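Please describe this structure for someone who is seeing it for the first time.

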Amino acid sequence: MSNFVIFSIDVFASLFIVVFGCLVLLVIYFYISDVTQSKQAIRRNYPVIGRFRYFFERQGEFFRQYFFAMDREEMPFNRADRSWVYKAAKNVDRTTAFGSTQSLEVTGTVMFMNCAFPTLDEEALEPSAVTLGPYCANPYMTKSLFNISGMSFGALSKPAVRALSRGAKLAGCWMNTGEGGLSPYHLEGGADIVFQIGTAKYGVRDEQGKLSHEKLKKIAAHEQVKMFEIKMSQGAKPGKGGMLPGKKVTAEIAAIRGIPEGHDSISPNGHPEVKKPADLLDMIASVRETTGKPTGFKAVIGAYAWLETLFAEINHRGIESAPDFITIDSADGGTGAAPQPLMDSVGLPLRESLPLVVNMLEKHGLRERIKVIASGKLIVPSKVAWALALGADFVVSARGHMFALGCIQALQCNKDTCPTGITTHNERLQRGLDVNDKAQRVANYNKYIHYGAGLIAHSCGVFSARELGRQHVRVVQENGLSEPLDKMYENYQ
């Protein structure tokens, strides 16, 4: 045996002894640490071995997502829906073979009623333009059915906001700023902007935290800013204000929001000046008069008697006093951080709140005046078409566009450790998010949502997705048979 071989064996043997010794010392350290601590009973009773329980618990999310959950089982978004978004964003084949993995027997399953004489390709029309704010100095007209919902700079990273802005411009849709204020990155791509006024008034607050009309005018001076949305509540946390952990409040974000750097950004759970429906109309009128642009509000619908009072007050004051739009957020909405009791158990889902509000608007003769925007887990064409059929004028999505950016549903939005760079301010992680590439993916996704909703509409015999109505949809009931939406919601209020 050569000297080199003998030397190599000696080195590896010594290395093995060192590594083994380190492992023994580590196990001894863990043992002493576990038996002397008093916070976790498992570790105290089963030192060292008990640690594997917590390791496997943390790994559970990963294994469920990639190995164990069926295509239609995973929450909050199943693999089938996410896969469609990824394919649409990448502009690759979106067809499937052999049959649907979606059961048509489950209660609540939505089925569109195809027409014996479908709309031919040469007869199809683009969605008609809709005007918001006819009584404003600067009304907003758009054809876009599907738009980007509120996601603030802070909750999202700089490259994510830049990619969304550029993608929205390419797609011809609007982009909502979220409650974090207007950043240069929202404006960078040239897209239409909806400025959201959250309960903390970030970006338009004075030194006392109240709404500043001077700052409102400065925001409205940007031609790209087309509308203002007063955020009353949010689907994932109705009754709770926005929450941005201090580790995500950088100097730049703090300056835009008007808050201290590094401190938790926690918005009030409501607007202090809005205590009743009349107050809401006063605030809408004030913002609209100051900005000259369409103004509406966003809310999760739970208790709804206040809407009767609101609509009656509008008719008393005059039609011009109405909000130009209402954004209805579903109780199954998402966010970067929210208390689980609110996330799980508060508010109405869109299948109840959307037809409820639409019916009430019709009852009060306000359906044409007030446009309805639907928000909440509507990320594929069938769900967008369903919302339009229920009465929505527009659909907005946040998480759908996050998937288009490359989100893998890692559920780390609140930890500043997002592996795709979308919801983190860690520059190393942000490097993986190429702005130009992701902007094109956002535009592709928006394009195929419109295309898919149009396919459904043409199958139902109408010329565009805006013409879909409740008569075109049936929903499976508990007895296994389906019932048409127009009958289901005929007297729903």
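## Tyr445 and its surroundings

Leaving aside neighbours within four places in sequence, Tyr445 is in contact with Trp84, Val85, Ala88, Ala89, Phe146, Ile379, Gly400, His401 and Ala404, where contact means heavy atoms within 4.5 Å. The model is a predicted one, in which local features need pLDDT of at least 70 and side-chain atom pairs count only at pLDDT 80 or more, while totals for chains, interfaces and linings use all residues. Residues are numbered from 1 along each chain as its sequence is written, and side-chain values use heavy atoms, with hydrogens and water left out.

Tyr445 is buried, with a relative accessible area of 0%; buried means under 20% relative accessible area, exposed means over 50%, and partly exposed covers what lies in between (1.4 Å probe, protein chains only). Tyr445 is also among the residues with the most contacts inside the largest nonpolar core, which has 107 residues and in which Ile197, Phe228, Phe311, Leu354, Trp386 and Ile422 are listed alongside it. A nonpolar core is a set of buried Ala, Val, Leu, Ile, Met, Phe, Trp, Tyr and Cys residues joined through side-chain atoms within 4.5 Å. Helix α16 (residues 435–459) gives this core its largest share, 8 residues, and a second, separate core of 10 residues includes Tyr140, Val194, Phe394 and Val396.

## The chain as a whole

The protein chain has 17 helices and 15 strands, which are DSSP runs numbered from the N terminus (helices H or I, at least four residues; strands E, at least two). Its C-alpha atoms fill a box of roughly 95 × 60 × 45 Å, taken along the principal axes, and of its 493 residues 50% count as buried. Among contacts between residues at least 6 apart in sequence, 68% join residues at least 24 apart.

An unreviewed UniProt entry places the feature "transmembrane region" at residues 12–32; such positions are given in the numbering used here, feature names are shortened, and annotations may be inferred rather than shown by experiment. Over residues 12–32 the chain is 100% helix and 0% strand, with the end C-alpha atoms 30 Å apart.

## Aromatic pairs

The structure holds 11 aromatic pairs, counted where rings of Phe, Tyr and Trp (its six-membered ring) have centres within 6.5 Å; planes under 30 degrees apart count as stacked, over 60 as edge-to-face and the rest as tilted. Two of the pairs are set out below.

| Pair | Type | Centre to centre | Angle between planes |
|---|---|---|---|
| Phe146 and Tyr445 | edge-to-face | 5.6 Å | 85 degrees |
| Phe195 and Phe228 | tilted | 5.8 Å | 55 degrees |

Phe146 counts as buried, at 0% relative accessibility, and ring pairs join Trp84, Phe146 and Tyr445 into a cluster.

Phe195 lies in strand β6 and Phe228 in strand β7 (residues 225–231), so their pair ties together parts that are 33 residues apart in sequence. Both Phe195 and Phe228 are buried, and Phe195 stands opposite Phe228 in β7. Strands β6 and β7 pair in the parallel sense over 5 bridges, where two strands pair if DSSP finds at least two bridges between them. Because 6 of the 7 residues of β7 are buried, this strand is largely enclosed by the rest of the structure.

An open sheet is formed by 3 strands in the order β1-β14-β15, with antiparallel pairing. Its edge strands are β1 and β15 (482–484), each of which pairs on one side only. Strand β14 (residues 473–476) and β15 pair in the antiparallel sense over 3 bridges, and the bridge partner of Val476 in β15 is Ser482.

## Two residues with positive phi

Most residues other than glycine have a negative phi. Asn91, in the loop between α4 (79–90) and β1 (110–112), has a positive phi of about 60 degrees although it is not a glycine, and at 41% relative accessibility it counts as partly exposed. Lys201, found in the loop between β6 (192–197) and α7 (213–220), likewise has a positive phi, near 60 degrees, but at 1% relative accessibility Lys201 counts as buried.
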